[in-house]
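Trainee: Please take a close look at how charged side chains pair in this model. Then go on to the packing of the helices.

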Amino acid sequence: MSLVVNDLHAQYGKSRILRGVHFSVSPGEIVSLIGRNGSGRSTTLKAIMGLVPPTQGSVTIDGVDVANLQPYEIARSGIAYVPEERLVFASLTVEQNLQLGLAPERKNAPKWSIAEMFNYFPRLVERRKTQAGSLSGGEQQMLTICRSLLGNPRVILIDEPTEGLAPKIVDSVMKMIVDIGNRGVGVVLVEQKLTFALRISKRILVMGHGEIVFEGSPEDLKNNAEVRRNWLEVA
């Protein structure tokens, strides 16, 4: 296994958010983490990345526990994170943002190039000399994903990549995530659009009240009306 999360607990102040999260991701596997708002999906990614320090449990990447490391150390270990907030260096150009993401080749991980990023999102080629702060939300999302990928991760955590994007850009993001998996990178995807998650994932994890309440294939979830009713559908 590339990434193994075991008995992960986390909280904000005195509010317990994660209550013993367990899952694993193999190289090249796309795993979607879905659930209602407030179920703990985004906090799970932040806890894996060290942005919310876990209070209990372990996070191992290729057998090395990184749960108590700083976020930059976790990134160096081979885990990349694409936040929902689309954090870009606003005063730098698109090309400069991408150059900041470049990292040395990593053992057991594919090497990515800026040229490949431009192939995925031709719009970024047109905007390469433009300051990132003036990009549209969709363009900033493209840029954030590409910059994270240029670190040559073994696992990439992606939080709500399609939020607010036009359908054409959603299709481009989908193709890119599938290709990331095909190249051998493990993907943990938090996604609100159930149809998107079902189309590209090998496994689906449903979260509820800070725990994993269901794990199975997309077909398993489609066939489980009770899980969908209790943990996904809005009354």
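Mentor: R183 and E116 form a salt bridge, with the closest N and O atoms 2.9 Å apart; the term means a side-chain nitrogen of Lys or Arg within 4 Å of a carboxyl oxygen of Asp or Glu. R183 lies in the loop between α7 and β8 (186-190), and E116 is in helix α4 (residues 114-120), so this pair ties together parts that are 67 residues apart in sequence. Helices (H or I, at least four residues) and strands (E, at least two) are DSSP runs, numbered from the N terminus. R183 is partly exposed, with a relative accessible area of 29%, and E116 is partly exposed too, at 23%. On this scale buried is under 20% relative accessible area, exposed is over 50%, and partly exposed is in between (1.4 Å probe, protein chains only).

The model is a predicted one, in which local features need pLDDT of at least 70 and side-chain atom pairs count only at pLDDT 80 or more, while totals for chains, interfaces and linings use all residues. Residues are numbered from 1 along each chain as its sequence is written, and side-chain values use heavy atoms, with hydrogens and water left out.

Side chains of opposite charge can pair when their charged atoms come close. By the salt-bridge rule the count is 10. Another of these joins R41 to E160, with 3.6 Å between the closest N and O atoms. R41 sits in helix α1 (residues 41-48) and E160 in the loop between β7 (155-159) and α7 (167-182), so the pair links distant parts of the chain, 119 residues apart. R41 is buried at 6% relative accessibility, and E160 is buried at 5%.

E139 and R123 also meet in a salt bridge, 2.6 Å from N to O. This pair links E139 in helix α6 (residues 137-149) with R123 in helix α5 (residues 122-126), 16 residues apart. E139 is buried at 6% relative accessibility, whereas R123 is partly exposed at 36%. The two belong to a network of salt bridges that links R123, E126, R127 and E139.

Helix α3 (residues 94-101) has V94, E95, N97, L98 and G101 as its buried residues. Seen down the axis of α3, these fall within an arc of 160°, so they line one face of the helix; the arc is that of the directions from the helix axis to the C-beta atoms. An α-helix has 3.6 residues a turn, so residues three or four places apart point the same way. The cover over the buried residues of α3 includes α4, α5 and α6.

T93 is found in the loop between β6 (79-82) and α3, and it is buried at 16% relative accessibility. Leaving aside neighbours within four places in sequence, T93 is in contact (heavy atoms within 4.5 Å) with R128, K129, T130, Q131 and A132.

α6 also packs with α7: their axes come within 11 Å and cross at roughly 10°. The two helices are therefore roughly parallel, a label for angles under 35 degrees, with over 145 roughly antiparallel, 65 to 115 roughly perpendicular and the rest oblique. Axes are lines fitted to C-alpha atoms, for helices over the stretch in contact, and angles run from 0 to 180 degrees between N-to-C directions. G138, M142, I145, C146 and L149 of α6 meet I169, V173, M176 and I180 of α7. By class, this contact has eight nonpolar, one polar and no charged residues. Ala, Val, Leu, Ile, Met, Phe, Trp, Tyr, Cys and Pro count as nonpolar, Asp, Glu, Lys and Arg as charged, and the others, Gly among them, as polar.
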